[in-house]
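Let's walk through how the parts of this assembly meet, one question at a time. Have the structure open as you read.

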There are 4 protein chains.
Amino acid sequence: MNVDCNDLWQRFVQVRSISEKLAEPLEIEDYCLQAIPETSPIKWHLAHTTWFYETFILKPFLADYTPYHPRFEYLFNSYYNGVGMQFPRPQRGVLSRPTVAEVARYRASVNKSLEKLMASLSEHPDAMAISQRLVLGLNHEQQHQELMLTDLKYNLSLNPLYPVYNPAPLAHAQPVPGARYIDIQGGYIPTGVDASANAFCFDNETPRHERLIQPFSVADRLVTQGEYLEFIQDGGYQNPLLWLADGWAEVQQQKWCAPLYWVPDAETTGAGSSFSVFTLHGLQDFDPNLPVVHISYYEADAFARWAGARLLREDEWEMLATAQCPTIAQCPTTAQTIKGNFFDPQRNHPVGLSESLSQNTVQQLYGDTWEWTQSPYQSYPGYRAAEGAIGEYNGKFMCNQLVLRGGSIATPQGHIRATYRNFFYPADRWQFSGLRLAR
Amino acid sequence: MNVDCNDLWQRFVQVRSISEKLAEPLEIEDYCLQAIPETSPIKWHLAHTTWFYETFILKPFLADYTPYHPRFEYLFNSYYNGVGMQFPRPQRGVLSRPTVAEVARYRASVNKSLEKLMASLSEHPDAMAISQRLVLGLNHEQQHQELMLTDLKYNLSLNPLYPVYNPAPLAHAQPVPGARYIDIQGGYIPTGVDASANAFCFDNETPRHERLIQPFSVADRLVTQGEYLEFIQDGGYQNPLLWLADGWAEVQQQKWCAPLYWVPDAETTGAGSSFSVFTLHGLQDFDPNLPVVHISYYEADAFARWAGARLLREDEWEMLATAQCPTIAQCPTTAQTIKGNFFDPQRNHPVGLSESLSQNTVQQLYGDTWEWTQSPYQSYPGYRAAEGAIGEYNGKFMCNQLVLRGGSIATPQGHIRATYRNFFYPADRWQFSGLRLAR
Amino acid sequence: MNVDCNDLWQRFVQVRSISEKLAEPLEIEDYCLQAIPETSPIKWHLAHTTWFYETFILKPFLADYTPYHPRFEYLFNSYYNGVGMQFPRPQRGVLSRPTVAEVARYRASVNKSLEKLMASLSEHPDAMAISQRLVLGLNHEQQHQELMLTDLKYNLSLNPLYPVYNPAPLAHAQPVPGARYIDIQGGYIPTGVDASANAFCFDNETPRHERLIQPFSVADRLVTQGEYLEFIQDGGYQNPLLWLADGWAEVQQQKWCAPLYWVPDAETTGAGSSFSVFTLHGLQDFDPNLPVVHISYYEADAFARWAGARLLREDEWEMLATAQCPTIAQCPTTAQTIKGNFFDPQRNHPVGLSESLSQNTVQQLYGDTWEWTQSPYQSYPGYRAAEGAIGEYNGKFMCNQLVLRGGSIATPQGHIRATYRNFFYPADRWQFSGLRLAR
Amino acid sequence: MNVDCNDLWQRFVQVRSISEKLAEPLEIEDYCLQAIPETSPIKWHLAHTTWFYETFILKPFLADYTPYHPRFEYLFNSYYNGVGMQFPRPQRGVLSRPTVAEVARYRASVNKSLEKLMASLSEHPDAMAISQRLVLGLNHEQQHQELMLTDLKYNLSLNPLYPVYNPAPLAHAQPVPGARYIDIQGGYIPTGVDASANAFCFDNETPRHERLIQPFSVADRLVTQGEYLEFIQDGGYQNPLLWLADGWAEVQQQKWCAPLYWVPDAETTGAGSSFSVFTLHGLQDFDPNLPVVHISYYEADAFARWAGARLLREDEWEMLATAQCPTIAQCPTTAQTIKGNFFDPQRNHPVGLSESLSQNTVQQLYGDTWEWTQSPYQSYPGYRAAEGAIGEYNGKFMCNQLVLRGGSIATPQGHIRATYRNFFYPADRWQFSGLRLAR
């Protein structure tokens, strides 16, 4: 990787500042919420992303570095057993200390040490490793920026006051025409990234390899809330024949009857439609033209079966996405070439289709909502995790999860690419996860 | 009840200000902690005690009163089904809003409305009921002042940084001589309070009735940490024959091997003794002369069996306490006549015996630690709960709990009396609960 | 205790044979059921009662006794930590071996060894201890005879085929007149048994001591199913104000809406009434004149509150019962002097009132259903458990349970007495537990 | 499918009788065990396999057929929501009725009705569908024959008496040489079955499609118990870096420290080796030359990582297996062409390598133990489940499970084939599941 040092540092400064801007609208009290083990406090995200640089760059590479606090290695380690024990994840919300102000000082201190290290990087014997880890750290922090929004949303949602993170009014989506299916020729298609590529990617995107893809048809847009409402009204949540066995068990146990954040009007005082929807802009009227979001894989799969369709496989999705943005070398460094509704401080909710569909074009591949694929998250043939604790980043999660593709309204600009693999458990709903149909 | 209005208002102002002073040392982040369903956030206590006056005084008795916020009735109702639904207790920690500042405004607003109501109380047709409920509200708030300390202590204790609530250094306890047993003559002894008494008491202390108490012997002081350590070192936590069946099951399941807050030195870096102890003053050296505290009923009972003794019954305790402070009419209004270590902003931990024991005197009946009795919490013969929601205050808890007596270092001055009945489940340990032996 | 050896042996033979007769109607498959940890398999009861004699008599007192099987000490120990580890209670149903036939051989073998020991009892230095333990063992086996019926009933009840244990038809109860309250004078009343009494009792009935009982009124009969149905139809299970806090939590969690074994007709095909009732005689029509049975303490308490009444305290009940059968020395040895519907192989369900009530007589104190009292199960003043493992029989359960009095249709003839204390957790419903009102 | 009717009926009679022979060594008590929801009682298997024919053949196709019992449709439905509600799986062990004898009568009755139907099959308008469903039913019953053994084994294993199902002595395995890796060329390889093939397969084996397989190396035999013991002795169960994240969580929670059924000698009285092993032949000495079995996917995966290897993918396995038995049409009908240690009434435990390895031959692909693959169980491209309830057979389980290949010592002769896909959750250990290494 040949990265210009100044550029990298500028990018670091920019990414770091976005994390802090994300938290700006919050009250101190909001920083500490953790409603379920999965949804960590904002304060924890701010500290953990800092811990990542401290642990994997400053400690090994900055001479005479003294850790900011002797217990932070333990407190802010997420899951790296190679580093040591971790404070229990379900109890992150119980840590009132360090305070928000102290975490800000921690961030500033680590930033300063990194600046010192980077200032003389060219003379450092491990300059390449340091650069690579800083890039990894940036991408890591961007992933947590998305989680900050999704975790915060969940944590606020349990409050009957429906707190508003972003007071800007939400414009209604434009009317969406019926979905059309576009026929795709398959073939022997390369998938994934060549590890020697001159651009950053996560190790789970490697190695590049060929797949045989059968011909298929794909819907030209995401499924909308209005379409999902039809599924509900048709008894979708009451019909076991539409569901995977584990999905049906989950429906029964969790008493699911709508996507996460859909609030039946009976619980509030709305009128005119049957649901309101909790968003980071507060409780909103139901908008049938927005893409459906915050559904589990089980719900995506059941909807598809109800619709006589199926979900895409991840290689099918990647083939489509690559066609829109041919090589990894181009895309991530020129983020503007990837069109889609990504993170935007003005709007923290999917936007929907912004223009009428041109015939035979697959829209919304990127942004708005992640797309559940039917592909279990597993290693590509020949995959090898990195040595040491950093090898725990991705590989140990390759079981029981499914791949999502394309990024969402909460994904930072420039973070996504055609080969990017996100993954969650099939029952998870708190991400901005939606679906596209295929046949 | 004949209460002078000015005096009552002065007392109200004083009690209210103590709640706020209790919270003063805290960071905003500390106000929101709830580690387990039982240990509510400080912010919630500040709001709920306010809700109590609003619900039971302002709404029924202040003409044209507009509730401060339409959802607070739901958010801050603890358990009064007669008032309506309650926000789920285990999720009080998930409410970042209203903020601490907003709760302070809520308190001020309700204070102001109460002041208005009290200013013209003499002309109010329900003056007596209002006065009585204000006195009940004060006592209720004092109970929550104790809970603020015990809940906070538990919530902070899970943080490996061992946060310090009170930075004042803890003086060591004076050496404690061996306990001596004092023989007590029993007889037909009156217990409880005559409902017509001209002083406040909770309904669970009524009615006054006679009990037949057998002769017994009672230890002249509380059990110490040093004595409890001997129990541990003698294998007390490994010997099922010392335990109640349900207690032994709890020991196995919770892996108890010492009182709550005893931290084995192996977990920290101490030396010279086998445990450190977490307190509101931070982690402290083990002091054998302090009374043992934060033990469950099961542990108290097992210790007593190991020592060849038993716990007191509540009527035995009350008989001893009444002898030291003869009538309810005197004691609560002249709190200074009850000697003991109660709440003191300088010291938030038991003090221990402050003077050498005079022969044949029962010491430490009041204060330092609550004393587990072997008496299940049940109604006195002829007990009747109040009408309406306020009748839910005590009566519905008269099952599965045991009575504790005497108050603790966290009990506000003037709140306790000889007939006062506290109650907790036998596995509860987060109160300042200790024990005294009897035979 | 002065027991004639032949008589004792005859009684032993008789009690033992009743256990086996109880099991006679069963299929082999029925012997092994354990639906919940509390409801042990019949086979286990047959083995455990045998284990009791083997452990507490043969092993210590029969010279050169070889245990029947080296692992039975572990397999059939219920809860005696003083004897050793116990096979986990919840998994008793997983033991297909020893088979039913093997357990029968175990019973026969232990019987034979006991016969040998008893044949020369007069020459044995521990003759008195042996006799006492045999009597204890008999009473222990009788307790398990009741549990055999209640456990079996529960275990069969989960089978949608509603298996019939006793095919004899159930006669309808006679019409029951409205309950009348009878006024009782209180006073200083002796309670419990003098340990030196010349008759068997459990240690939890000792020592005899005086209690002060206030005047009270008591209903002259048990509450009926018809009365309980009114409670249901009046919304009793939907009104939290009628319930203890822990009871209401249980109602919500368990979704209770009727006594155990009441099957809404919607689930079967009945007509003409709203419930059928599962019994040991199979599914039966609802009979409003039968006493209500299989309710928890919480339900008994809620019903009483709804009816403007309360439950008896155990000393009140004992005072009434003693009046009907004055001394312990008479009653248990002449069981026929205690009138009531007890175990009868022809009828394994409460019978109800068999004659019209004579004015001012308390009926049904004994038999038909156990009566929940509001008295927590605790030791009497001066109680001491026996030394050694046998001391675990009763004492270690004196926490979290409530006392029931009077025996039921499943209690063996001659087993009950005025001072007899049964005890269960407040949520337990699988015993033949009912209630009587008092004021 | 062109099946000769007589042959089919003979095969039916033979398969049915094997189910009954499997149960012959059992006591009645053994038929009813269900230790965990997954391990159904033998009696249930005998009834459910019968229910399958009754539900899917007799009810739709035999004119005037009267179901054997009106509640059996509910009681013995495993998971077919299209048929109706199901008796809860975790409570199958609570059904003492119908008895074992009654289930035998149920089996005989359904057999008889089927015989009647088959006798005039040629004249039946649905002859083809009936034949196909009978073949499906046979294969279904064979799957349950394997489960009868694995469920029984688990259910017996919890009994400290270690009951013996098969008293025949277990011969020791022959010494096993070190594993050698054989290099395999990949390529575009057909996988799965063409739905039009003239032989039975499950729908999850269809459709046939091409896969691109990279070159790989495969061990020429299964991993042995001796090798697995080295993993344990090297701290494999204590090193989180060897484990998938979910696997490590399972190790911690379940306290796994060896394969299922390995009993540390400390728990018994063995000597000379560190473990004994529970088998269907009773407790046995540890034999290092036997293949390791009863491990979860997590353990297989961790062992492979420890060994610097990986598990096979299912298409790799199938490619190897197909090479040994080229076409589906040949193999299943001539079962003898598939060599391996399958079900044998004389020996209910893996046999191990029976001859010295010939160089460059992959041994033990079939039989002895199922091989965990790293392939999540999902549909093949173009897969379509059957219409109606029978479509629930396989498709709805295609989530959260992993594929196992090759059959085991419990798999009936003639049931397995190269394309056969078995599937279990990654934490499941009660199947005869082992592993083979690859690179």
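A polar contact here is a pair of N or O atoms within 3.5 Å; within protein, one must be able to donate a hydrogen and the other to accept it, and residues adjacent in sequence count only if both atoms are side-chain atoms. Please keep in mind that this is a predicted model.

Q: With that rule in hand, how many residue pairs are in polar contact across the interface of chain B and chain A?
A: The interface joins 30 residues of chain B to 30 residues of chain A. Helix H3 (72-75), helix H4 (100-119) and helix H5 (127-157) of chain B each give at least two residues to that side. Applying the rule across the interface of chain B and chain A, with both residues at pLDDT 80 or more, the number of pairs is 8.

Q: How many salt bridges are there between chain B and chain A?
A: One salt bridge to look at is formed by the side chains of Asp30(A) and Arg97(B), at 2.5 Å from N to O. Between chain B and chain A, the count of salt bridges is 2.

Q: Through what do the copies in chain B and chain A meet?
A: Of the interface residues of chain B, 100% are also interface residues in chain A. The copies therefore meet through the same surface.

Q: What is the area buried between chain B and chain A?
A: The side of chain B that touches chain A divides into 17 nonpolar, 7 polar and 6 charged residues. Carbon and sulfur atoms give 65% of the area buried between the two chains. That buried area is about 2,400 Å².

Q: How many residue pairs are in polar contact between chain C and chain B?
A: Here 34 residues of chain C are in contact with 34 residues of chain B. The salt-bridge count between chain C and chain B is 0. For residue pairs in polar contact, both at pLDDT 80 or more, the count is 14.

Q: What is the area buried between chain C and chain B?
A: By class, the side of chain C that touches chain B has 19 nonpolar, 10 polar and 5 charged residues. Carbon and sulfur atoms give 52% of the area buried between chain C and chain B. The buried area is about 2,500 Å².

Q: How far apart are the nearest C-alpha atoms of chain A and chain C?
A: Some pairs of chains have no contact, and chain B and chain D are one such pair. Chain A and chain C do not touch either, and their nearest C-alpha atoms are apart by 14 Å.

Q: Within chain A, which element gives the largest share of the side of domain 1 that touches domain 2?
A: Chain A is divided into domain 1 (5-158) and domain 2 (181-226 + 288-438). The contact takes 26 residues from domain 1 of chain A and 24 residues from domain 2 of chain A. Across this interface there are 14 residue pairs in polar contact, and helix H1 (5-23), helix H2 (42-61) and helix H5 (127-157) each give two or more residues to the domain 1 side. The largest share, 15 residues, comes from H5(A).

Methods: Residues are numbered from 1 along each chain as its sequence is written. Chains are lettered from A and ligands numbered from 1 in the order in which they are written. This is a predicted model: local features need pLDDT of at least 70, side-chain atom pairs count only at pLDDT 80 or more; totals for chains, interfaces and linings use all residues. Side-chain values use heavy atoms; hydrogens and water are left out. Domain bounds come from an automatic or database domain assignment. Contact means heavy atoms within 4.5 Å. Helices (H or I, at least four residues) and strands (E, at least two) are DSSP runs, numbered from the N terminus. Buried area is the accessible area (1.4 Å probe) that two parts lose on being put together, summed over both. A salt bridge is a side-chain nitrogen of Lys or Arg within 4 Å of a carboxyl oxygen of Asp or Glu. Ala, Val, Leu, Ile, Met, Phe, Trp, Tyr, Cys and Pro count as nonpolar, Asp, Glu, Lys and Arg as charged, and the others, Gly among them, as polar.
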